[in-house]
Amino acid sequence: MVKNEIPEGINKNDIFNLLNFGCILSSIERVADNATNIAEASIYYQQGIDLRHKDISEEE
C-alpha cells in the first residue's frame, strides 16, 4: 500500500536519507562480491585451486 502523505512526526529528509543509505549499502555489497570474485579468480589462476561453491566437508 502506497500512501500519498507523510505521517506527522516523520521528516521527509529522513526518509530520503534512509533510501539513499539502502542504495549505498547495496553498492558496497556489490563491490565486496566483485572483490571476492577477483580474489577467487586470482587464486585459481596462480594455484589451480577452485574455491567457489565448496562444501564444508570438502574443506576439512
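**Surface and salt bridge in a predicted model**

Buried residues (under 20% relative accessible area, with exposed over 50% and partly exposed in between, 1.4 Å probe, protein chains only) make up 0% of the 60 residues in the protein. This is a predicted model, where local features need pLDDT of at least 70, side-chain atom pairs count only at pLDDT 80 or more, and totals for chains, interfaces and linings use all residues. Residues are numbered from 1 along each chain as its sequence is written, and side-chain values use heavy atoms, with hydrogens and water left out.

Student: Where is isoleucine 15 placed?
Tutor: Start with the folds: the protein has two helices and zero strands. Those are DSSP runs numbered from the N terminus (helices H or I, at least four residues; strands E, at least two). Isoleucine 15 sits in residues 12-47, helix H1.

Student: Is isoleucine 15 buried or partly exposed, and how much accessible area does its nonpolar patch have together?
Tutor: Its relative accessible area is 34%, so isoleucine 15 is partly exposed. Patch members need over 30% and no salt bridge, with nonpolar side chains (Val, Leu, Ile, Met, Phe, Trp, Tyr) joined within 5 Å and like charges within 9 Å. Areas come from the Shrake-Rupley method with a 1.4 Å probe, and for residues only the protein chains shown count as cover. Ile6, Ile10, Ile15 and Leu19 together have about 340 Å².

Student: Which side chain meets arginine 52 in a salt bridge?
Tutor: A salt bridge needs a side-chain nitrogen of Lys or Arg within 4 Å of a carboxyl oxygen of Asp or Glu. The whole structure has one. Arginine 52 is partly exposed at 48%, and at 3.1 Å, N to O, its partner is aspartate 50.
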